[in-house]
Each structure stands twice: as C-alpha cells, then as structure tokens.
Amino acid sequence: MANLTINGKTFTLDVEPDTPLLWAIRENAGLTGTKYGCGIAQCGACTVHIDGVAMRSCGVSVSEAEGKKITTIEGLASGDSLHKVQEAWIAQDVPQCGYCQSGMIMAVAALLNEKPKPTDADIDEAITNICRCGTFAQVREAIHTIASA
Amino acid sequence: MNKHVSPRLNRRAFVIGTAAVGAGLAIGLDIPFGGPAVVRAADGSPEVGAWVVVRPDDTVVIRIARSEMGQGSLTGLAQLVAEELECDWTKVTTEYPTPGQSVARKRVWGDFSTGGSRGIRSSQDYVRKGGATARVMLIQAAADAWKVPASECTAANSVITHTPSGRTTTYGKVAEAAAKLSPPADVKLKDPKDWKLIGKGVKRLDTADKTTGAMIYGIDVKLPGMLNAAIKDCPVFGGKLKSFDEAKVSGMKGVKKVVKVGDTAVAVVADTWWHAKTALEALPIVWDEGDNAKVSSESIAKWLAEGLDDAQPAYVGNKNGDAKAAIAGAAKKIEAVYSYPYQNHATMEPMNATALYTADKCEVWCGTQNGEAAFAAVLEASGLPAEKCDVHKVMLGGGFGRRGQTDYVRQAVMIAKQMPGTPIKLLWSREEDMAHGKYHPITQCKMTGAFDANNNLVALHYRLSGQSILFSLRPEALQNGMDPAAFQGVAQSGEAAFGYSVPNLLIEHAMRNPHVPPGFWRGVNVNHNAIYMECFMDELAEAAGQDPLEFRRKLMGNHPKHLPVLNAVAEKIGWSTPAPQGVYRGIAQVMGYGSYVAGAAEISVTDGSKIKVHRIVASTDPGYVVNPAQVERQIAGSFVYGLSALFYGGCTVKDGKIEQTNFDTYNSMRINEMPKVETVMVPSGGFWGGVGEPTIGVAAPAVLNAYFAATGKRIRSVPLRDQNITFA
C-alpha cells in the first residue's frame, strides 16, 4: 500500500514500493494521460512534475514519490482553465500523433516555471523528449510565443 | 476565455458507446412505415449518404475510413467532404465507422488502409462525391418543403437559400427529409479554382485532447474486468517456443495465467501490466531457435555483397540502351558501393491491442493503419465469422507503416481466446517492440557511371542487392518473381519515376531475403534508392568536374515535373550564392508516392565527425495541397524521421536476433539537433500526390552530400554512429 498525492488528491494504492511511479499513475490511479515510451528514462513520454520538477516517472519508484506533490498532464489545468502551455499547443497545432506530447508539455511547463523567457539554448538543454513525428519546430515556436506573451 | 476547447473529435464517445451497447454495429437501419431506408448514427441522427451525418443542431459528422496517426489525414479528408458539402466548418466533427460496419454494408466506406501516402490521394474522389451527394440531397429536401425547383436553391455554410424568395433553412432542419431521398446517380465536383476549404491550412480537428491527456490511444483502453498481458516472442525470427515453467511465476503478485501464443510466443496475464511484465521477466523460457540463430549482420552483408556480382541473377526494373557495353567502351568510369541497414519504426507507443472474446463474438480495440486488415486478423485468429467480429479503432501513437501489420492484433485475440469473457489488453514492452519489428529492408547497391570524352554521362548501371518487402508481405504482388516496388524512385514510369535521362541505363535488383521480417517503413524503398542515386549523382558530378546542381539539371530536361521542384529548393537555399563561412551545402531530388520532391541542407562539420545542421530546405509538388499547414508539418517530420535513421538508427543482427533493445541503443533526434525545415510548396495541380513519405527520401542524401562538400569524404553506409559521426 502506498499513499500518493496526485493532482492534489490522495490516492491509497495497492502497489509495491518498487513499482515505477509511471505504472502506479496509469494502472492504479487510472490516469492514462502519462505515457509509457521506453521504461528507461530515455524518451520523456512519462514526464510528470514531482514537487514542481519535471521527472521521468518510469525511473522513479512509488516509495520515492510518497509524500511528494505529483502533477500529471490531467492536473496541469486549473479547473476549466487550461495551462498556458496547453493553450499554446492548441493555438499553434503542435501535436501530430500526440503520444509524446503529455510528456513534452510537462517538460515545457517546468522549464517556463523556472525560466519564463528561455533562450533557444535553454530550450535545447531542457527539452530532451523524443518525438518520432518530429514536432520540434512547432514546440520551439510555441515556447517562444508563450514567453513573449 | 480559458475554457477547455470542446473535443470536436468524439472518437472516445464513439468507441465507448459502441462497447457499451455490446454490439459490433452501432449503426442500424430504421425503416419507418415501409418507406425509404434511413440509416441512423448511434445517437439517432440521420445519415445523408454514408459519409455524412447531420444532427438537428447543424453539427455535421463526417465519416473517416482511413486512420489518423498524426499525419493529419483525418482533418484533410474532412476538408474534402466539407468542401463539396458546403457546410459550416466550425460545426464539423468526425467519427470512424468500424470495419465490421463497412463489411456489413458492402464496403460502403471503401478501403481503410492508411499507408503508402494514400490516405487522401486514393480516396479524394469518392469522399468529395460523398460530400456533394449529401449537399444535393439536403438542397432537394429544402426545395421539396418549399415546393420550388432545387435549381433555384443554393447552399453555403450549412444554410440553404431559395434565391428568388430569399427564404432560408439549415442542414439540421432538413436532414431527416434529406435522409429519406434517393441519392443522385451522379454528382458534379467543383472545379479546383472554386475551392474554398481545400488548400487552406485549417487547424487539425484532433488537437485539444492531445494536450490534456484525454486522447485515448490503444494503450489507454479500459474495459470492465480487463486484465493485462505482457508477451515475449522467440527473439530469433522463425524460432519456436519450446517450453516455459509456469510454476515459477504463478504465485507472483497479480498473475492470473501464463499462456502459449501460437507456436512462437508466451504471455503472462495479470491484474496490471507491470505485474505481467515483472512475471514474464522471471519466467524461465526455453526456445527452439532453429538455424536462423546462426545469422548475423556480417553473414547478411556477405550474402548481399555477392548479389552485386553481375554473374548473379537479377530482375531488371528500368532499362534503355546498352549500359554494360557503353560502360565497357567509355572514356571514363567511376564505381561505388553503398549500403543501408534495417530500421525499426520505433513508434512512441509500443504495439498493443485489447481483445474481448466470447463464444459468439470477438471485438478488438486498437490503433491500426488498416482497420480491414486488423478485422481480417480478428476473424482468422478468433475463428468467428465477420458478423460476429469487429475492430474499434483508436488514435495511433505513431504508425510510420508499422501499424499496417496485424501481428499484435492476432496475438491479443489468441490470448483472449484462452480466457473467454475477459477483456485482455496486450502491450509490448519497448524491448519487445525493438525485437519484433517489421524492419526497413536491408540492401546494398553498386553503381557504375560512364562518361564520354566531354564528360557527358553516357551510361549508368545501378545494381541493387537485398530484401524485398513484397516477397515477405504481399507475394501476390510480385511480377514473375520481381518486386516492382524495389525500384521506387528509380522506376521507368509511374508514381516513383526516375528523374534523369541517361542514354544507356540498367537498373536491376538481385533479390536476397534474409530471415529478418521486412515491412513498410516511412518512405519504404525510396529511402535507400534516393540515398544511393542522389549521393552517387554527386559522385558523378564531381568526376565530371561539374556543380552537383548543374550536373543534375542537364539530365533533367525531359522531366518537366521533377526539375521545377529541384530549382525551387536551389533558389530557396541560395545555391547560386556562396554559403556562409564554414557552411557547406548538399542537394537531392526524387519522386515517390506520386509527388516530386527535393531537399537541400546547409551543415558545418567539426573535426570531420561533428555535424551541425544549420538549414534544411524542402520542396514538394504533390499536385494539389489540401492543407498546407499539415503538409509543412509532414515534410518537417519526415526529415526528423529520416535524419534520426541516418545518424542514430540501424538495427544489427547477432545470433539471429536484433541487437538494439531500446532508445539507448536506437536513439532518435532531439530538439537541439533539428533546425526548422523551410518548405517551398510548388503544387502544379492536375494530380494527387502523397505527402507523408516522399520528402524523407531527400533528407539523408542532402546531408550526406553536404558532408562531402565540407570534408571531401564520401559516406556510403548508414548509420553515421557506426562511423563515429554524430551531431555537434
């Protein structure tokens, strides 16, 4: 059993402490917006915020996440108000297949939280998610649009 | 206003609604009072022809048979229907009919397959007619109500106007009456010059849910009582499952059952996938690997190299004059051997499917590029007839050709059949996905070019050796043993025609099929053919002492569609003016999937091994551009996919198995490595070419030719990581 605080709610989950947080979120908490891509913290599809920091949830165990504030893509909006990254993604039609975009959006939201006006170099360093469709140009443009708003 | 954008793509509701009623057919026939048949959608709204449902609130639901996997065809196809329908685009939504419904209605929605860059070009005609048919019926219904001739009425933006009287009504108000009319026998389509929506870069219809985590992919499907399965197939292709020791894992947490899947695989079924995967890794398995365990990349390379020998048999795909004689008598000749490796599709979402089997029905929920092929796989694996099966398509987390195959669908049904009544979600681990791809075929190519005394190219011999996809996947498409698709990009004529005139030409294919299963990988045979031909074209230009662009142009005089696209790229990259200090250029062109494309790159190279790509310019003439914003994204995406394969890709074989296991050994480009692709669209009209794939062909050769310009060194094999060349 583990208690996880996800998107402001406490979940008491029947899950072993060494289970990757990704699978506890997807299968036990039932929040499937966070995606599985590699399981080895390479691709970033499973990125969530843990205490505000973008983390690859496949590489974090449930025991490590207990007691911390976890935010998933489902918790990024405030009620009916989408997060500015989500709004920009819609306005600029960023996603193609969209599978990597939950993780991409979470990584970008964390970057903008830390650096509201990131340079291209900041983006290059912070955004290391894989997108096989190749949405990188739209991702970069959307980040700059948000930063200049 | 920060409200959620309401999801205009109501696929989830459609899928779940279909599941909830527990039947394959949510669409039923409603025949009131013995009158004409009205077909109704699941919510009761009437169909006005098979492609269009109109709700009372004027919402127009457009049926889409092809699959959306990020390439934007769903939006483009809806634009085609809406253009002729003259409906209000802001009230358009879409839904997928199921293959079962289509089969039950004599394939009213045509082909479901979504590959070969055919989504739009192969259905544009009948989907536009579907829209036009509905418009005619809606106008007729209004005219009937007003007791006026239909010819006095017009429609625009879902509003019908009786011009003489000025009376108006809306589609939603007349849909019921329209649905009862007989469709017109024939409809006239608009002249392209009158298009209002086709050619506009309207926003995609499926974006909102992709930003909130709400979009449902195959991996996200949930059904009541569902269990999860993890699978391991014999890592040596062609090998078999000998035995496994279920007792070692049956007590592990969550484990429900361990099942054999066909002759080659074993799956663990558990409450969660994590439990299933953990138990599968602990399961002792004995494989009968068979003879293929002796095969390696080295043995394959040796076998393919033997095929480059003229003494070996080969199929001739394109020929004029006598190339061998002209080469023998030429003033000068050059020769080079190139190679291209296996590539995994590595879709971001690993293969998966959810199956529910009972004694009298079998349903599958999955992402697929070919709903009908998936449906056929369900029939075969379940043993049930068509009327008891169906496939519910959900969004694909990438396709690139991989999800046109149905191996994962078949496996899910084979597992579910062993647990009747329990829905089973089968998910491959990334490692399983890397080990059991349908790989880009492996080839080598020897090219010989010959010049006369004035450095005119008089002969070209292009000898390809390697794998045929059709041999493995569609043997019925072979022509007397020859794979015509092997010549994509260098073919005599057709949708992938060679773009140069050479007086003596011989293009042939020595087919050699190793045991690694090949598949259609974005761009397919254009990938290696364009690298071989376009890099060698640069070698020929160098041997002739000519500029690579000018050398090509001289050979393209009789190719009036190829040449303007190359010129457009040359102009945009500024070929006639010097590149910035330390920056070098490469250029390439090819035809594939009915479209003419070209690309150019500007790169700099540090220490001969660190490449920085500064600029990429790409051009296409696909005839008509339906949605320029999406075409631009497809072109850029094709470069990311193609350059990822060039720099980081390549699957190698050891002991009969693929060696790469995950993105740490099969990497993909990141944002810092990819410049913005500058696109130049030069649609010349009059034909419908593909978009998703063609430009991938020029991605790698443009960069490789620029690398030569920068270093004076030719790279003749892929990937670059094997040559210790990487991004700066």
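Domain 2 of chain B and domain 3 of chain B bury about 800 Å² between them, with 66% of that area on carbon and sulfur atoms; buried area here is the accessible area (1.4 Å probe) that two parts lose on being put together, summed over both. On the domain 2 side of chain B, the residues that lose the most area to domain 3 of chain B are Phe237(B), Phe400(B) and Gln405(B), together 72% of what that side buries.

Some conventions, colleagues. This is a predicted model, in which local features need pLDDT of at least 70 and side-chain atom pairs count only at pLDDT 80 or more, while totals for chains, interfaces and linings use all residues. Residues are numbered from 1 along each chain as its sequence is written, chains are lettered from A and ligands numbered from 1 in the order in which they are written, and side-chain values use heavy atoms, with hydrogens and water left out.

Next, the domains themselves. Chain B is divided into domain 1 (11-206), domain 2 (220-290 + 351-427) and domain 3 (308-343 + 439-727), with bounds that come from an automatic or database domain assignment. The centres of domain 2 of chain B and domain 3 of chain B, taken over C-alpha atoms, are separated by 38 Å. Eight residues from domain 2 of chain B and 13 residues from domain 3 of chain B take part in the contact, defined as heavy atoms within 4.5 Å.

What is the count of salt bridges between domain 2 of chain B and domain 3 of chain B? The count is one, a salt bridge being a side-chain nitrogen of Lys or Arg within 4 Å of a carboxyl oxygen of Asp or Glu. Lys657(B) forms a salt bridge with Glu289(B), and their closest N and O atoms are 3.7 Å apart.
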